[in-house]
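Work through the exercises below with the sequence and the structure in view. Try each task before reading its solution.

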Amino acid sequence: MTVPACKKDSDRRIKKFHRQEVGHSARDILSDKDYKSISVEIIFMSGFRPTDQAIENLKQLITSTCNKPDGIRLVFKEITAQGKTSYSIDDVKTLENNHREEFTYKKDLAVCFLFLDGPSNENQGSSMVLGHAYYNTSMVIYEKSLQDNSGGFGEPELYKLETTVMNHEFGHILGLVNLGSAMYNLHQDAAHGSHCDNSNCLMHWEVETGSIFSNLVGNSPIPVFDQNCLRDLHENGGK
Ligand SMILES: [Zn+2]
Ligand SMILES: [Zn+2]
């Protein structure tokens, strides 16, 4: 005789799936073996919704790297801006706990982005953290820092900054670099954690810091995955 799991048990299991370390679900996100579609929940504080163009660029990145024959679903959720001076990762985790509604279910894998009205508490002077992947399906973007450093003279356009940081954090949950997706060629810049040694690659460590601002000005292209990163995604279940 089988005993059906009660609602509480299944809730707990769903939450547990989303409380693994970054890179843990890389293969699930990349391949179509267990999950045929992906839901992207965009939780943003009022006034800090990412631009449509950046969302479109993220969709393109997912389409070009992940095998999801049933497609990509976007869910937007606006929440009250908190007005805090800065946010710690614990603050971010609490916000996710309170507001996230999309969880992996049957053949659909869910990931979430939070867009905040304040900076990271890890900023020190000119050294800034613009985004962070902190669980296997969870990412935060310090949208206020992006807004504050874009659109002016000598500054990049906002959508370019958003695209760069969102795609970089998504690269981490895809297991880059050496973070759940095994390296085909050695290209990890271990001195800077799970990043790529190619300074032109989307997964270079400077991409999620303030150093990226000057690199995106004018007609400078938005960074993309280099050959080594693309190869890793392909070898670990991706396109
Ligand atoms: Zn990074
Ligand atoms: Zn790379």
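**Exercise 1.** Determine which geometry the site of the zinc ion (ligand 1) has, and which residues supply the donors.

*Solution.* The model is predicted, and every value here is computed from it.
Step 1. List the protein donors: His-168 (NE2), His-172 (NE2), His-195 (NE2) and Glu-208 (OE), which lie 2.0 to 2.1 Å from the zinc ion (ligand 1).
Step 2. Take the angles among the four donor atoms; they are 90 to 135°.
Step 3. Apply the cut-off: four donors count as tetrahedral if all angles lie between 85 and 135 degrees. The site of the zinc ion (ligand 1) is therefore tetrahedral.
Step 4. For reference, the ideal angle for four tetrahedral donors is 109.5 degrees.

**Exercise 2.** Describe how the donor residues of the zinc ion (ligand 1) are placed along the chain.

*Solution.* Step 1. Write the spacing in sequence: H-x3-H-x22-H-x12-E.
Step 2. Locate one pair, His-195 and Glu-208: both are in the loop between helix H6 (158-173) and helix H7 (212-215), 13 residues apart, and the pair links distant parts of the chain.
Step 3. Check their accessibility: His-195 and Glu-208 are both buried.

**Exercise 3.** Carry out the analysis for the zinc ion (ligand 2).

*Solution.* Step 1. The coordinating atoms come from Cys-196 (SG), Cys-201 (SG), Asp-226 (OD) and Cys-229 (SG), at 2.3 Å.
Step 2. The four donor atoms subtend angles of 99 to 118°, so the arrangement is tetrahedral.
Step 3. Along the chain the donors of the zinc ion (ligand 2) are spaced C-x4-C-x24-D-x2-C.
Step 4. Cys-196, in the loop between H6 and H7, and Cys-229, in helix H8 (residues 227-235), are 33 residues apart; this pair also links distant parts of the chain.
Step 5. Both Cys-196 and Cys-229 are buried.

**Exercise 4.** Work out the strand order of the sheet and state which strands stand at its edges.

*Solution.* Step 1. The sheet is open and has five strands in the order E2-E1-E3-E5-E4, with mixed pairing.
Step 2. Strand E2 (72-79) and strand E4 (131-135) each have a single partner strand, so they stand at the edges, and one side of each has no neighbour in the sheet.
Step 3. From one strand to the next the twist averages 20°.
Step 4. For a parallel pair, take strand E1 (residues 37-45) and strand E3 (residues 108-115), joined by eight bridges; Ile-38 has Leu-109 in E3 as its bridge partner.
Step 5. For an antiparallel pair, take E4 and E5, which share four bridges. Ala-133 is bridged to Met-139 in E5, and the two strands form a hairpin with two residues between them.
Step 6. Consider the burial of E4: four of its five residues are buried, so E4 is largely enclosed by the rest of the structure.

**Exercise 5.** Find the buried side of helix H4 and what covers it.

*Solution.* Step 1. Place the helix: H4 (residues 89-99) lies across E1, E2, E3, E4 and strand E5 (138-141), at about 65° to E4.
Step 2. Pick out the buried residues of H4: Ile-89, Val-92, Leu-95 and Glu-96. They cover an arc of only 115° around the axis, so they are on the same side of H4.
Step 3. Recall the general rule: an α-helix has 3.6 residues a turn, so residues three or four places apart point the same way.
Step 4. Look at the face turned away from the buried side, which carries the exposed residues Asp-90 and Asn-98.
Step 5. Name the cover: it includes E1, E2, E3, E4 and E5.

Conventions:
Residues numbered from 1 in each chain as written. Chains lettered and ligands numbered in written order. Predicted model: local features only at pLDDT ≥ 70, side-chain atom pairs only at ≥ 80, totals over all residues. Heavy atoms only, no water. Donors = N, O, S within 2.8 Å, 3.2 Å for Na, K, Ca; no water. Tetrahedral: all angles 85-135°; square planar, octahedral: opposite > 155°, others 65-115°. Buried < 20%, exposed > 50% of the residue type's maximum accessible area, 1.4 Å probe, protein only. Pairing = 2+ DSSP bridges. Axes fitted to C-alpha atoms, helices over the stretch in contact; angles between N-to-C directions. Contact = heavy atoms within 4.5 Å. Arc of directions from axis to C-beta.
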